[in-house]
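Thanks for coming. I have one structure to take you through today, so please look at the screen.

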Amino acid sequence: MKTLADLLPNWFDDLQSGEPPVRWKCGLPLEMAPGRLMLLAGAPGSGKTALATQCVIDALRLNPKLRGLIANVEMSPADLLDRSAARIGGVPLAAIRERQLTAEALERLATAREELAAIADRLAFAESYDLRAIAADADAHEADVLLLDYIQRIRPAAAKEGDRENLDSAVNGLRKMATAGAFVLCISAVSRQRDAKGKATYSDLGLASFRGSSELEFGCDSAFILEPADREGRTVLKCHKDRHGEPADLPLRFRRKFQRFDASDPNAAQ
């Protein structure tokens with residue numbers, strides 16, 4: 001237990017220092033900071049994994065001392081590497097998957113390889129999808145940034161009787177990771193909503209759409225829902241909660257062929 005008398009001197013010294021809190025750039029205007037739990041959701045196929053992986057990898061590229069851990073229950077590290085190489089090299093993902101590459105594409109991918117080699121020792125992939133094992137991997141790797149994709153498929157450290165109880169337990173575990181000083185980016189599935197005609201749809205998603213437990217919306221610091229992109233790739237990352245600031249939506253362009261998201265306003269990138 002700490003009293004206000006314990007906290008006040010250090011708080012005021014920090015206030016007078018003029019040094020802003022630690023934040024890590026990730027190429028998009030999203031606040032990645034120690035101690036934060038960010039939730040990202042969206043309809044199937046909206047690009048959640050692409051966006052989250054881009055943010056983590058670019059954070060490591062832009063912050064030379066940063067270390068990261070990815071736990072993806074549905075996609076192998078090799079698949080994630082294909083996607084990242086497509087994005088960084090500007091080579092269509094389909095060509096990489098089929099290994100049908102021109103000399104120009106191979107040259108671009110050689111450059112992408114060099115970019116990824118610069119962060120290779122600082123990025124690790126979890127091999128177990130039990131939260132206790134993920135936490136152990138994060139400690140062993142000294143990870144500052146964690147990506148869990150996705151929370152409904154992550155087993156909690158202490159299994160409960162029901163799905164809702166297990167999800168509550170998992171969210172509490174993520175909160176502990178953030179409290180310990182990590183930035184935790186967690187992807188969530190969503191549930192279809194009923195429209196005015198009673199039809200199940202992924203339109204008009206909100207905080208209540210996060211699948212499984214209200215603990216998700218209460219336990220996170222910020223919550224975003226990625227809208228499906230239109231034919232030109234235009235989409236919006238809608239902020240439905242920001243505990244530490246004013247919620248602000250982020251217009252994006254999803255270049256699906258390259259699995260890359262760009263800020264619609266180039267001046268907004270960090």
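Predicted model: local features only at pLDDT ≥ 70, side-chain atom pairs only at ≥ 80, totals over all residues.

We begin with helix 1. It covers residues 4-17, which is 14 residues. At 1.5 Å a residue it should span 20 Å, and its end C-alpha atoms are 20 Å apart, which agrees. After the helix comes Gly18, with a positive phi near 80 degrees.

Now the surface. Leu4, Leu7, Leu8, Trp11, Phe12 and Leu15 make up a nonpolar patch there, and together they have about 640 Å² of accessible area. Trp11 is in helix 1.

Next, helix 2, residues 48-62, where we find Thr53. Is Thr53 buried or exposed? Its relative accessibility is 6%, so Thr53 counts as buried; the cut-off for that is under 20%. A polar atom of the Thr53 side chain lies 2.8 Å from the backbone oxygen of Thr49.

On to charged pairs. The count of salt bridges comes to 13. One of them joins Glu31 and Arg36, with the closest N and O atoms 2.5 Å apart. Glu31 counts as partly exposed, at 34% relative accessibility.

Another salt bridge is between Arg87 and Asp58, where the closest N and O atoms are 3.0 Å apart. Arg87 is in helix 3, residues 77-89, and Asp58 is in helix 2, so this pair ties together parts that are 29 residues apart in sequence. Both Arg87 and Asp58 are buried.

Arg61 and Glu115 also meet through their side chains in a salt bridge, 3.0 Å from N to O. This pair links distant parts of the chain, with Arg61 in helix 2 and Glu115 in helix 5, residues 103-117, 54 residues apart. Arg61 is partly exposed at 31% relative accessibility, and Glu115 is partly exposed at 35%. Which residues do shared partners join into one network? They are Asp58, Arg61, Arg87 and Glu115.

Last, the strands. Strand 8, residues 222-226, runs antiparallel to strand 9, residues 234-242, and five bridges join them. Leu226 stands opposite Leu237 of strand 9. Strand 9 in turn pairs with strand 10, residues 250-255, over four bridges, again antiparallel. Here Thr235 faces Leu252 in strand 10.

Strand 10 and strand 11 form a hairpin with four residues between them, and Gln259 in the turn has a positive phi of about 55 degrees. Phe254 has Phe261 in strand 11 as its bridge partner. On strand 11, residues 260-263, Phe261 and Ala263 are on the covered face, while Arg260 and Asp262 are on the uncovered one.

Conventions: Residues numbered from 1 in each chain as written. Heavy atoms only, no water. Helix = DSSP H or I, 4+ residues; strand = E, 2+ residues; numbered from the N terminus. Expected span 1.5 Å × (residues − 1). Pairing = 2+ DSSP bridges. Patch = residues over 30% accessible without salt bridge, like charges linked within 9 Å, V, L, I, M, F, W, Y side chains within 5 Å. Areas by Shrake-Rupley, 256 points an atom, 1.4 Å probe, with all protein chains shown as cover. Salt bridge = Lys/Arg side-chain N within 4 Å of Asp/Glu carboxyl O. Buried < 20%, exposed > 50% of the residue type's maximum accessible area, 1.4 Å probe, protein only. Polar contact = N/O pair within 3.5 Å; in protein donor to acceptor, adjacent residues only side chain to side chain.
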